[in-house]
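Student: I have a new entry open on my screen and would like to get to know it. Please take me through it piece by piece.

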Amino acid sequence: MTTPPPGTPLHREDERALCHALCVRTATPLDAGTLRRRLTDAVGSDERVWEEHVPAPAADSERHRTREATRPLAPGQSLRTVLLRYGDGLHDLILVTRRTVLDRAGLHRLAAVLLGDSPSAPVSLVARDGTAHGKPGSTDFPAPVSTEPAPWWVSDSSAPPGLIAEQTMTGAMTGATTGSPAQANVRDLAASWLAATAVTLARHGVRRPALAVLDAPGAASGGTGPAAARLVETEPASSATLADLTTRVGATLAEAHAVERQVDAAVVLDMGMPEAPPSDATLVEYVPYQTPPCPLTFSVQASADGTCTVRLRHRPYDLAPASARALLERVVGVHERLLAEPSSDPDTVDVLDEAGRQDLLRIGRTERLRPRRHLRIEQLFAQWVAAQPDAVALTSQGKRLSYRDLDRWSDVLAQGLRERGVRPGDRVGVCCERSAELVAVLISVLKAGACHVPVDVRHPVDRRAYVAADAELALVVTTLTDFGAGPDVRTLTPGELEEAGRNSTASPGSATTTGQAADPAYVIYTSGTTGRPKGVTVPHQNVVDLVDATAPLFGLGPADVWTLFHSSAFDFSVWEIWGCLLTGGHLVVVPYWGTRSPEQFHDVLRAERVTVLSQTPSAFGQLVEAQRERAEDLSVRLVVLGGESLDARLLLPWFDRYPETVCRVVNMFGITETTVHVTAEGMTRAAALARSRVVGRALPGWSVRVLDEHGRMVPAGVPGEIHVAGAGVTLGYLHRPELTGQRFLPDPYGEDRLYRSGDRGRLLPDGRLEHLGRLDDQVKVRGFRIELGEIRAVLLEAPGVVAAAAVVSTPPGQTADSRIDAYVVLEPTASETGLRDRVARVLPDYMVPATITRLPALPLTVNGKLDVAALPAPAARPTAVAEGGTGDDALDDLLTVWREVLGAAVGPDDDFFEQGGNSLVAVRLGAALRERGYPPLHPRTLYLNPTPRRVVRALLPDGR
């Protein structure tokens with residue numbers, strides 16, 4: 001579906017937008033010759049009559065009538081007359097002309113003449129502007145003026161005219177005025193339909209819809225031309241009641257003026273035929289516009305018997321028939337409520353009925369593929385140990401462990417935990433380098449009946465201490481010599497834990513887990529708005545459900561080789577570890593520095609013949625860049641992307657080498673609070689070219705809904721807040737009952753709980769979810785979930801900081817280059833010197849601002865909020881750039897490359913990472929140096945030597 005500017009203008013280039021048609025049916029025998037003579041007498045010129053014999057009966061020939069009623073006039077043609085003769089003896093007389101040539105009353109008079117029911121009278125076919133044909137002039141309809149993104153249903157006004165799609169409803173219309181009403185009553189009726197349309201569109205994401213009423217009687221032009229269009233622009237939420245909204249709309253209609261801007265929808269009001277049809281003829285249809293003059297054109301036709309027919313006309317590629325029908329039913333339903341309950345608040349009107357809500361529940365839910373297994377993680381792991389004890393379970397730095405080996409090792413470690421006082425239900429901290437030991441320790445904690453709390457070894461001491469205190473950890477298993485959590489927290493190395501287990505009087509593995517699948521398996525800490533991270537408690541059952549949902553979906557099994565690429569404190573690692581070991585796969589542990597070098601990581605993928613690869617888009621972008629220089633093909637059959645928004649264009653180079661038939665690429669949306677993954681979407685080259693933001697359907701057992709700010713389901717295709725229910729919803733936030741109550745809500749539709757994600761998205765009619773970003777202050781930078789409020793809070797804790805703000809800067813189309821920039825307001829005597837270093841001692845490196853800019857005051861909007869658009873460009877960090885070179889040719893050459901890659905002035909002793917560098921920029925720096933003949937720059941070398949001067953010494957120790 002195309003998305004032009006919101007509110008397409010009344011069609012200007014399309015001749016058919018100025019044409020209307022009348023179809024009258026009669027049983028009186030007619031022939032083209034008679035009609036031609038009567039037509040010539042009436043208009044004073046020789047006019048042709050087209051005749052067609054249709055073998056089918058009239059009731060089955062709607063497509064023939066529609067085709068003729070919407071066929072455009074030929075160049076220079078003022079009128080087209082068509083006679084359709086049906087097999088059951090009925091005839092349809094169809095008249096098509098421009099509205100400026102004959103108005104509707106004129107069409108009826110001409111039809112009466114041609115059918116012999118009225119004496120012949122002269123009928124002028126000359127337009128009011130003095131022309132008999134030709135395209136409308138520049139003053140007929142307004143041109144587009146907006147370039148904002150469009151609602152999902154808006155048509156593409158630049159597309160060539162096509163057939164008209166139509167939905168029709170007919171029934172009694174309470175309060176309708178029929179016959180020849182007074183102008184005021186017509187205005188009231190027009191106002192009521194416009195108000196109903198406005199409320200409906202507001203619930204479809206158009207908060208302030210621009211509407212037009214067309215051809216209302218009494219307009220300046222007599223209701224026959226563009227000047228009769230009158231604009232209504234109102235915000236339904238600003239009215240207290242539906243009656244108030246209708247009154248406001250009516251007041252606007254009282255001041256007739258031509259439409260001079262784009263409109264979202266139009267209402268064509270038709271209060272019955274100006275003249276009765278011939279005695280034996282019936283009106284089949286009046287088509288007020290051959291082409292809908294705007295994306296959605298509602299035609300309201302009232303008849304003398306009190307019934308009302310409402311038609312929605314649109315272009316067929318804008319709306320699927322079911323969506324168009326639903327939209328029409330909603331407008332009619334709101335109009336009925338407006339007449340029956342005028343005191344209702346427009347903001348409380350729910351355009352969805354119960355059937356519509358149930359349909360949304362159905363398309364947002366995916367049924368389980370297999371019965372639920374109420375197992376703990378270690379119990380499912382034990383099943384694979386029994387099934388394939390000698391199969392390779394884990395590889396780390398050349399060491400291979402079978403399932404039996406890993407099981408026995410973890411048994412010993414579990415016994416060591418029991419010997420050190422760990423009991424079922426306890427929380428145990430795990431802070432180890434990415435290694436075989438890490439995986440074995442995680443399994444051992446679960447075998448001891450405890451819950452593990454992963455902590456990254458590279459987190460600052462303050463953060464490690466906070467997690468230990470918040471999680472009330474009594475024991476931390478760590479490879480660090482100083483965990484830094486204080487005397488109340490005991491620490492053990494994996495080696496000490498193993499020794500305790502082997503020295504135990506109880507035999508390893510003798511104790512059995514007595515816990516339940518609903519018990520907590522791990523607590524992962526995520527960034528928090530209060531300035532401190534918050535722990536998410538995840539039960540065993542959720543992880544087992546995730547594996548059971550995805551294994552058949554992706555064909556996961558013992559033949560697969562996975563990588564453990566991510567930090568254990570990042571829940572993507574949960575998917576990597578257990579997705580592999582609970583399906584019988586082989587897990588390859590990638591050490592930290594291997595993850596920082598795309599070239600080395602590529603070597604691991606090739607050497608270990610990895611088949612399942614999980615990556616954030618940022619990391620995958622680096623791998624794609626690195627693999628271009630490699631001739632060797634990989635064995636990867638499945639790439640799972642997640643953790644952050646995907647710019648699908650980065651997949652194009654990958655698809656060039658690994659087409660969809662060779663390697664399946666899946667984009668997954670997920671949240672820690674809903675157990676890693678929620679939806680999955682298979683990516684294609686076409687989706688990459690279209691920059692698709694679709695993240696797919698819910699996983700089997702999961703459920704996705706999109707709600708508005710009042711907690712109501714929004715129609716399919718309308719943006720709102722993503723809510724998740726079903727198998728993955730976790731136990732809530734550790735020690736945060738109030739926050740848990742705010743985010744984990746009771747579900748009125750049968751699921752246990754509903755999680756408010758804070759993500760913006762829309763559920764498409766086919767059940768797939770489109771992700772549209774965050775609603776709040778949370779962002780993702782290179783896969784890490786970050787609350788900008790936490791960064792602000794840490795900045796405000798620094799002495800002398802009066803106000804602070806943090807924003808994410810992202811070059812267009814380069815999400816991997818995203819960085820955090822901070823702005824501070826300081827006391828007059830304070831200085832920003834050392835502020836970044838202080839922040840780095842508290843926050844993880846991925847949350848440390850690349851720049852900190854001092855401002856006299858933070859810019860605010862009129863609502864008192866931070867005006868992000870008014871923030872100045874980040875201040876460059878002070879740099880000592882030598883004029884005329886440093887005198888060291890190698891250093892000068894390196895500085896040139898450094899400045900080109902960073903796009904900023906850099907001195908010999910400036911820190912790469914403090915100048916805005918990150919892991920992706922480091923890859924580019926290494927590639928640029930290789931092109932100049934320098935030895936490979938390993939990321940670890942750059943981390944340890946982050947200035948140009950130190951890099952030269954590291955790369956060229958002998959001065960060459």
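Student: How many bridges pair strand β3 with strand β4?
Tutor: Strands (E, at least two residues) and helices (H or I, at least four) are DSSP runs, numbered from the N terminus, and two strands pair if DSSP finds at least two bridges between them. Here β3 covers residues 79-86 and β4 covers residues 91-98. They pair in the antiparallel sense, and the number of bridges is seven.

Student: Before we go on, which pLDDT do side-chain atom pairs need to count?
Tutor: Residues are numbered from 1 along each chain as its sequence is written, and side-chain values use heavy atoms, with hydrogens and water left out. This is a predicted model, so totals for chains, interfaces and linings use all residues, local features need pLDDT of at least 70, and side-chain atom pairs count only at pLDDT 80 or more.

Student: Back to β4, then: which residue there is the bridge partner of Arg 80?
Tutor: β3 and β4 run antiparallel. The partner of Arg 80 in β4 is Val 96.

Student: Which strands stand at the edges of the open five-stranded sheet?
Tutor: The sheet has mixed pairing and the order β2-β3-β4-β1-β9. Each edge strand has a single partner, so one side of it is left without a neighbour in the sheet. The edge strands are β2 (49-54) and β9 (281-287).

Student: At roughly what angle do the axes of α8 and α13 cross?
Tutor: An axis is a line fitted to C-alpha atoms, for helices over the stretch in contact, and angles run from 0 to 180 degrees between N-to-C directions. The axes of α8 (residues 377-387) and α13 (residues 540-554) come within 8 Å. These helices are therefore oblique to each other, a label for angles that are not under 35 degrees (roughly parallel), over 145 (roughly antiparallel) or 65 to 115 (roughly perpendicular). The crossing angle is roughly 45 degrees.

Student: Which residues of α13 meet Ile 377, Glu 378 and Leu 380?
Tutor: Contact means heavy atoms within 4.5 Å. Those three α8 residues meet His 540, Val 543 and Val 544.

Student: Which residue in the turn between β30 and β31 has a positive phi?
Tutor: These two strands form a hairpin with six residues between them. The phi is about 100 degrees, and the residue is Gly 750.

Student: And which one takes a positive phi in the hairpin of β31 and β32?
Tutor: That hairpin has five residues between the strands. The value is near 95 degrees, at Gly 767.
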